[in-house]
Amino acid sequence: MVEACAWLLPRLGYAGTTTNHIAERAGVNIASLYEYFPGKDAVVAQVAERLVRRVLERLAEAAERVIAARDDDAVRLWIERIYEIVGREKELVAVFLYQVPYTNQLAPIQAVGAQLLELSQEVRRRSGGFVRRDVSDPALHLLINLVTSTIMQCILDPPPGVTPRELLDELIRRVESWVRAPR
């Protein structure tokens, strides 16, 4: 049922997706849906939880490759992998960002910032000196906000007159200048 809802949301939108649609897509009767979920919003919350989990798992896998990468490639690899991972989920992310009225109230969404900070701290800890030691947690918060907002803009609403590639290249240059340890 959760997978059915995840398939329907980008196609029908939040407002257009009903419990009847979800049950039909899942191949169950509506009574079965209500045995497991009190309503559409409970299913949508599970979609959000799985989306966040999936993205964070992919980011953690990418972090391992970034840590193992040559210093010269690490920031570019990291930012490009984030862009690819979020880009794969573009349609569903757009629904949560623009259509679901309570997205920011969902526990998985509220927890994303702390989870991204934890992942960033792990990358900093295991970077082998690539990341400057004076990159503090507040600086990591700023970097997380800059990277995520820029990538979301590139994917969902690219600015006129600037290509996503140009924006990503500039982001990579800026992040490298802020985090790279002196050689």
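A residue is called buried when its relative accessible area is under 20%, exposed when it is over 50%, and partly exposed in between (1.4 Å probe, protein chains only). The structure described here is a predicted model, in which local features need pLDDT of at least 70, side-chain atom pairs count only at pLDDT 80 or more, and totals for chains, interfaces and linings use all residues. Residues are numbered from 1 along each chain as its sequence is written, and side-chain values use heavy atoms, with hydrogens and water left out.

Side chains of opposite charge can pair when their charged atoms come close. A salt bridge is counted where a side-chain nitrogen of Lys or Arg lies within 4 Å of a carboxyl oxygen of Asp or Glu. Across the whole structure, 17 salt bridges were found.

Glu-80 is partly exposed because its relative accessibility is 22%, and Arg-76 is partly exposed at 32%.

Helix H9 (residues 164-179) contains Glu-170 and Arg-174, again 4 residues apart. Their salt bridge brings the closest N and O atoms to 2.6 Å. Glu-170, at 27% relative accessibility, is partly exposed, and Arg-174, at 45%, is partly exposed as well.

Glu-176 and Arg-180 also form a salt bridge, at 3.4 Å from N to O, and both residues are buried. Finally, salt bridges link Glu-64, Glu-122, Arg-125 and Arg-126 into a network.

Conventions
Helix = DSSP H or I, 4+ residues; strand = E, 2+ residues; numbered from the N terminus.
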